[in-house]
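Please look over the sequence and the structure shown here before reading the report that follows.

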Amino acid sequence: MSGHDSKYFSTTKKGEIPELKDELNSQYKDKRKDAVKKVIAAMTVGKDVSSLFTDVVNCMQTENLELKKLVYLYLINYAKSQPDLAILAVNTFVKDSQDPNPLIRALAVRTMGCIRVDKITEYLCDPLQKCLKDDDPYVRKTASICVAKLYDINAELVEDRGFLDTLKDLISDNNPMVVANAVAALAEIQENSTRPIFEITSNTLAKLLTALNECTEWGQVFILDALSKYKAADAREAENIVERVTPRLQHANCAVVLSAVKMILLQMELITSTDVVRNLCKKMAPPLVTLLSAEPEIQYVALRNINLIVQRRPTILAHEIKVFFCKYNDPIYVKMEKLEIMIKLASDRNIDQVLLEFKEYATEVDVDFVRKAVRAIGRCAIKLERAAERCISVLLELIKIKVNYVVQEAIIVIKDIFRRYPNTYESIIATLCESLDTLDEPEAKASMIWIIGEYAERIDNADELLESFLESFPEEPASVQLQLLTATVKLFLKKPTEGPQQMIQVVLNNATVETDNPDLRDRAYIYWRLLSTDPEAAKDVVLAEKPVISDDSNQIDSTLLDELLANIATLSSVYHKPPEAFVSRVKTAIQRPDDEEYPDGSETGYSETSSHAAESSGPAPTSSGTSPYAPTKQPGQAAGVAAPAAQMPDLLGDLIGLDNSLVPVDQPATPTGPPLPVLLPASSGEGLQISAQLTRRDGQIFYSMLFENNTQMALDGFMIQFNKNTFGLAAAGPLQVPQIQPGTSARTLLPMVLSQNVSPGPPSSVLQVAVKNNQQRVWYFNDKVSLLALLSEDGRMERADFLEKWKSLPDSNEVTKDLPGVVVNSVEATLDRLAASNMFFIAKRRHANQEVLYLSAKTSWGIPLLIELTAIVGIPGIKCAIKIPNLELAPLFFEATEAVLKG
Amino acid sequence: MAGAASALFLLDIKGRVLVWRDYRGDVTAVQAEKFFTKLIEKDGDPDTQSPVVCDNGVSYMFIQHNNVYLMTASRQNCNAASHLLFLHRVVDVFKHYFEELEEESLRDNFVVVYELLDEMMDFGYPQFTEAKILSEFIKTDAYRMEVTQRPPMAVTNAVSWRSEGIRYKKNEVFLDVVESVNILVNSNGQIIRSDVVGALKMRTYLSGMPECKLGLNDRVLLEAQGRSSKGKAIDLDDIKFHQCVRLARFENDRTIAFIPPDGSFDLMTYRLSTQVKPLIWVEAQVERHSRSRMEMMVKARSQFKERSTATNVEIELPVPCDATNPNLRTSMGSATYAPEKDALIWKIKSFSGGKEYMLRAEFSLPSVTDEDAAPERKAPIRVKFEIPYFTVSGIQVRYLKIIEKSGYQALPWVRYITMAGEYELRLI
């Protein structure tokens, strides 16, 4: 059926435009048609044929469908540049929209919607109104989409003319295709509007789930994507929805499958029955695996999504690691993603096979892939304590192959392994030193120097090794210079002999007088002063114990992960970034409360996505804020400055900044936390919406509040009052909220105190709040007090104290609760999280495969809590026991712990 | 999460726009062309580039087919899976229309291309991609009629893949059960991955709107029906159906019921992850005598029953890229040196079960290499074969019922075949 249209491209005579003009006005139909084709051909190759506008539009009134389509196409392209002439086409459009042939009616309304000229838009309304109610479903489905087009050009017009209601009616249309397009249009309009327009009720839900069985594959994707916004009322409803959606997992279209997976995962959060959840996980695994047989581009999207899914539900694919082994012919972008997932699924059970694979990959030709494979071995070593030794021996085997970039990469990861397991594997240092001369990349050099400095006392010729680097000190990149500085100081402190003493003088001179890098100079001066005033203090600082690094394979923060999982199959899930980080056209009126959480995301290009950040192994706790140049990955720097800082907050507090120095670098400096829960929805607050939550910052309790004004007037004069409550919580000062203009919002932090004014009667976590302003009546709402905000910073207990307290309290004061939905993936990470919430680690012991952790905490009014957590790493479900003088606090405590551990 | 494409581009191998359709007016061809030419220049090999890239607030998703790139651009958080799949469907539709999709055929048919792009996507939302039905109302020059057409019912019907009023003199259905064996053996000789991907490929020549029901020896179904099935029933890990199959019905009672499209299509695909014994096992011993000569001893063994025969067996053995002067001997079939693939191809027309054949090869290696040189690309041994009348899974079509209201009798023909899929054995 091949055509011969290429001949239309070949008119290159000089008088082309006038010639075409003549032909367009020819009296012969065929000649006119050929001329329009030539015009379109010229347009296709990028020539400007807009000057022929009138002549082309004159050909519009024709019975010939092909010619009509071409003229329409021309109009879509040039109407914008000739808005005044475009009006000439309106008559024909309106006439066509009433043509007896549904193809032409649909074509007319479809094309009119694509012409983004105001004057035309005005004339679109009447035909659109008719077409939305057309007898033919083909016309209705085209008109549905056209409403979204019109909304994009002129939202007001759509609302004024009542198109939204008509569109909503089409959700009940008897034709599935019309329903699907109406859903797509409504979802898009909702996305660009601040008002609730398309809210899925249980009634719509039922209709859409029915339409799902009948519409085209693309329509199924629209419907599933729209339905993923629906929040089921309870576990039962969630189970019902899931039951209706699971058959979609069998669809041949991968997009349908992924959208179905998204919906199931979202509803699963509500399902409480562990049996049902387990069953669903089992059902989802095979379709996810099958996605890997799709075209490579689809595989890529699938893999990026699976990466997210296994972070939330590690069990789904726990036994399927083999399907992620790379095939020889996989494109490199697929291989890279597979590697990432292999690391996530690696466990003590499969590590041997995984290591064999990594070793195989490390001998391939693609350098980036090879490096990533080497890094993967290191990450497995950090993640799996029991496999660390095997990982290291594989790394040593690779070093022996002597491929330059493999050696360098191996040294970088071995440095991380040393940090994770200090004083365990130094026996291999000798082997590493053999490769010293081949290192030419800054990161590898810096890593090697760090190792030498750190273990200077065990390396006989550490001074010689370092000295060999010193010669080129001025030429080295900054990261290497910083390492050299720290390593030399370490060497000197460990072996204060003559050689190192000379070296340190050279280095300090180089790093102070000879350099113009402020980072280097500052650090050198600090060391210098320390060394000259009090060498013992210098030892305490420079050789201080370093915080242990942990596995970073589940690196995405839990709230972000939630958002990404709600966006499965979309670009957001591919980039691992929230949509607002890359979508430029978003609604403007309401500022999302969590906007500020991703300050860099929106500025840096996509290429620095979090997945790439993940490639950098072992995150070194970085001293934040000391310098604008602070490199992100610098073990030495972290060792030298950040670690002691954690123990001496008073001394260095001003250097480090106000934030907790243990916060990982990727978190924002001012903690904003997850979005606040809505306590007074706009619907009950006559347009005023209040979200609030108790938080704790720097040892003080605040009531963090967000006011959103969706009314038509400005609101001011806000005041707040708390009812008497169990805890004696009250405002420490007046509420300070500026005037809020309609459509805007304001945030505030209200300082709180714990007064003696406690409500009598049985304890309750309810906090009753009243808020008023000058324009509206008084609003009352209830909040639930989270114990988290009330745990004090000084809750750390000595081990002996803890034991004594534990014994002194009778067993009747012990309460136990199972938290089934909580998973401990890494003990360290969990402890960090608990510590951040003022629950302090005391001791741990292992019982069979269970980890038993003991922690202490104290309420702000001085009641001690003794905590025992029992968990199996990686398996959901955790047992939480506490001993406490006041048993009433126990339920609150469990809630709080669950919240912390779930993140 | 609504999101749609701003525009769809068809680009040539250098990244220049051949044809494009603007859906939303917020991404220009110049912008897209600039981005894409830069992208392929930078990498040289576009294979290395992930198919979803964000540049200047615009997300681009692309695939390649022959010497043409197909790409959508979007400014929203659109469904990436659906868009990439859509591009593949666009390829299918174009292939249906122009036999092959390449730069030439796009130029030759640009009028139809524009028409199709207008029909397949509206405002950036995928609409309709059934080539057969599209060609009922969008025709190429040769078939174009002056009378205006109406959209076929199928475009908006629940049965969007089949038009009414199809007539055949003889009603027939051909059903091919094709199983591909994928296997990956590591250099220790361990099988680290093996699975079977099966497809039921149908070609239907049926009149009217036939209701079909397919019965397989599916264990779940047979057990539900209370039939004892000794060793005959099979477990299918993951089944995927063509959109014509009623999924809800399958979920309920495991019945595969459908109204088929006209012509050929994949009714279903399935996967079996049970470990299978490699049907053809290949072992290669490579010896390097001094630095300039190497010798290869290859054993190929068929590990299936003697009554079956593998045909068109092709074993691709990687050799160093500088190998010359091949000296080849085989106990069966013929071997040729294919320098363009850096491989030795050993072909055996017919390889019956339980047999073992040998190949010996000698090469000279003229290049002088550095001892510490980076390792060479280590390609695996790859095997291709077909075994007719045989399936690894033991799947059987128990019946294919065809009921049409006119009451005609239709003849179903069923064939079984097993072939090698991604069949890789890594060299020691």
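Two residues are in contact if their C-beta atoms, placed from the backbone, lie within 7 Å. This is a predicted model, in which local features need pLDDT of at least 70 and side-chain atom pairs count only at pLDDT 80 or more, while totals for chains, interfaces and linings use all residues. Residues are numbered from 1 along each chain as its sequence is written, and chains are lettered from A in the order in which they are written.

Among contacts in chain B between residues at least 6 apart in sequence, 69% join residues at least 24 apart. The C-alpha trace of chain B spans about 75 × 65 × 40 Å along its principal axes, and its secondary structure comes to 7 helices and 23 strands (DSSP runs, helices being H or I of at least four residues and strands E of at least two, numbered from the N terminus).

The contact between the chains takes 95 residues from chain A and 91 residues from chain B. On the side of chain A that touches chain B, the largest share, 7 residues, comes from helix α9 (residues 137–153) of chain A.

| State in α28(A) | Residues |
|---|---|
| Buried | Pro500(A), Met503(A), Ile504(A), Val507(A), Asn510(A), Ala511(A) |
| Exposed | Glu498(A), Gln501(A), Gln505(A) |

Seen down the axis of α28(A), the buried residues fall within an arc of 130° (taken from the directions from the helix axis to the C-beta atoms), so they line one face of the helix. These buried residues pack against α26 (462–470), α27 (478–494) and α29 (518–533) of chain A.

How values were computed: A residue is buried if 20 or more other C-beta atoms lie within 10 Å of its own, exposed if 12 or fewer, and partly exposed in between; C-beta atoms are placed from the backbone.
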